Amino acid sequence: MSSTKYILGIFDDPDDLMHGIDKLQKNSVPIYDVYTPMPIHGIDAKLGIKDSRLGYAAFMFGCMGGTTIFTLVYYFLVHDWPMDIGGKNFFAIPDFIPVTFEWTVLFASYGMAFTFFFATHLFPGRAPRVMDLRATNDKFVIAIDAKGNIPHEDINTILKEAGASEVKHNDRKYVSYE
Amino acid sequence: MNTHNSLDEQFVFTGRVKTISLAAIAVGVLAIAIGFLTNQGERTFANLLLMGYYFTCVCAAGVFFCALQYVAQAGWSASLLRVPQAFARVLPIASVILLVIIIAGLNLTHHTEIEGKDVVAPYLYKIWHQAGVTTPGSENYDPVLAGKSGFLNMPFFLIRIVVFLGAYAIFGWLLAKYSETEDELGGLFYYKKSFTISAAFLVIFGFTQPVFSFDVIMSLEAHWFSTMFGWYNFAAMWVSCLSVITLTIILLRSAGYMQWVTQDHLHNLGQLMFGFSIFWTYVWFAQFLLIYYANIPEESVYFLKRWEPEFKPWFWLNIVINFLAPLLIIMARDSKRSTSILKATCIILILGHWLDYFIMIMPGTVGDKVGFFYIEIGVAVGFAGLFTYLMLNALSKFKSLVPKKHPFLQESLHHHI
């Protein structure tokens with residue numbers, strides 16, 4: 001029983017990486033995840049990653065921002081301290097639209113940023129979890145869970161044949177807890 | 001992904017579409033004839049101006065679409081450029097039709113009522129072009145309009161329209177011609193040339209298009225003015241042009257042409273339609289809010305007229321159809337990628353911007369005698385038929401439905417988002 005937890009196939013070129021994914025999938029090797037230094041077109045469809053739901057979060061945050069400021073302005077300018085501005089009604093909706101619009105945009109954008117941080121475990125001061133640090137620089141990494149039933153040598157061969165410049169057997173999942 | 005498309009495919013304009021568009025033109029001619037024979041000349045002229053302007057704007061915005069793609073060096077749109085190029089090819093005819101309507105409207109007179117007085121006035125632009133408006137001592141003398149007459153006088157007015165539309169038409173004609181020459185000769189020479197004239201066109205269009213809409217539409221109510229009006233009209237023409245482009249492509253696809261256009265291209269067009277509908281609302285509201293907030297009588301008269309009972313329902317429907325409809329229907333990614341939903345949205349927006357122009361034009365022309373019946377519908381159907389006929393005819397003149405040697409063609413054929 002080896003102590004290998006994850007097998008990493010490290011590629012120099014994104015096209016080789018895509019080829020590697022194809023080969024692994026053809027041989028029914030489950031892929032744990034893929035790490036690349038830049039977005040690669042079509043990779044999410046190939047890996048079967050579900051569409052992001054960030055848009056729904058943005059929509060809800062936008063609704064929240066709009067309702068918040070509309071309620072606040074209503075309380076200030078209509079309920080608590082009605083003011084006569086240019087002879088308009090106290091509850092003059094067109095006047096409230098620009099600020100409602102701005103807060104909708106503000107909440108949606110900040111909300112999206114925080115949702116993204118939450119979903120990807122990124123917080124200030126927290127070391128990001130990385131399986132191979134070079135995946136943040138110039139290498140393209142496919143990670144395979146070593147617990148599967150496929151012999152590790154076969155995975156090595158598939159990755160090498162697909163053009164991996166290096167195959168690593170990691171004993172621990174992340175290298176960057178420190 | 002099918003990459004083995006026949007790039008020599010040519011559009012053949014025959015059969016049912018041709019018959020239907022010719023029938024629509026006949027309906028339009030009939031509606032105009034009935035309009036004049038039943039003594040509703042002013043209403044007919046207002047509708048002719050509306051559809052003439054709409055027609056011209058869609059074609060001019062087609063040139064704008066091509067120019068924008070060249071200047072942005074966009075790759076995704078390379079394979080569908082023939083459609084806006086066909087719009088550009090129709091622009092000269094559209095311009096001539098609009099000019100004929102304007103010249104006839106300025107020079108033919110009839111008995112009408114201006115602010116309760118019975119007068120003999122031209123069919124169009126009766127407020128600033130009525131006889132005696134600029135002559136001191138005349139009973140029609142209007143010092144405000146006399147002050148504007150250095151700009152708003154018939155010769156200068158017509159010269160401006162001819163020069164602007166002529167310039168747009170020449171640029172559109174050149175862009176289509178360069179693209180065709182590029183197909184024969186290849187290379188980057190014509191692409192670079194298109195880039196240069198596109199940049200020049202965008203500068204000219206950006207400065208002259210607001211003036212064009214000030215002239216053709218805003219001067220119908222010559223006392224009133226708004227500096228937002230040009231951008232507001234630009235947003236309207238751009239959204240309606242994008243909707244017409246998208247609808248044309250969807251219909252061509254369902255007729256078996258342009259199979260290389262995928263959901264991804266339509267998704268992009270849907271995004272543009274959605275985004276610029278929001279932009280339309282933004283400028284519409286920017287104009288409304290400033291006038292409403294300042295509440296200066298000479299400015300708020302514009303919205304006061306549109307608040308009369310005969311326009312109020314249209315006024316509200318305008319916002320629902322041009323803002324709420326695209327916002328709610330094509331905000332989601334899936335609905336932009338559904339051909340049937342996108343097609344329905346295109347039709348809604350095309351009708352919506354007809355209504356938008358209707359609200360801009362009618363209060364300054366027919367006023368409280370406004371109606372919505374066979375003249376409105378007939379003229380709109382007639383111009384839709386005319387546009388379809390001329391545009392498809394122009395499209396069938398291209399040797400292929402795709403710019404074969406466009407440097408970004410492969411990027412467009414493999415476009416994927």
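Me: Which residues of α3(A) meet A:Phe96, A:Val99 and A:Trp103, among others, in α4(A), and how do the residues of this contact divide into nonpolar, polar and charged?
Reply: In this predicted model, the side of α3(A) in the contact consists of A:Leu54, A:Ala57, A:Ala58, A:Phe61, A:Gly62, A:Met64, A:Gly65, A:Gly66, A:Thr68, A:Ile69, A:Phe70 and A:Val73. They meet residues of α4(A) that include A:Phe96, A:Val99, A:Trp103, A:Phe107, A:Gly111 and A:Phe116. The residues of the contact of α3(A) with α4(A) divide into 16 nonpolar, eight polar and no charged.

Me: Are the axes of α3(A) and α4(A) parallel, perpendicular or oblique to each other?
Reply: The axes of helix α3 (residues 54–80) and helix α4 (residues 93–119), both of chain A, come within 7 Å and cross at roughly 140°. The crossing is right-handed. Because angles over 145 degrees would count as roughly antiparallel and 65 to 115 as roughly perpendicular, α3(A) and α4(A) are oblique.

Me: How many charged residues are on the side of chain B that touches chain A?
Reply: The contact takes six residues from chain A and six residues from chain B. On the side of chain B, these divide into four nonpolar and two polar, and the number of charged residues is given as no charged.

Terms used:
Residues numbered from 1 in each chain as written. Chains lettered and ligands numbered in written order. Predicted model: local features only at pLDDT ≥ 70, side-chain atom pairs only at ≥ 80, totals over all residues. Contact = placed C-beta atoms within 7 Å. Nonpolar A, V, L, I, M, F, W, Y, C, P; charged D, E, K, R; others polar. Axes fitted to C-alpha atoms, helices over the stretch in contact; angles between N-to-C directions. Helix = DSSP H or I, 4+ residues; strand = E, 2+ residues; numbered from the N terminus. Parallel < 35°, antiparallel > 145°, perpendicular 65-115°, else oblique. Left-handed = near helix turned anticlockwise from the far one by under 90°.
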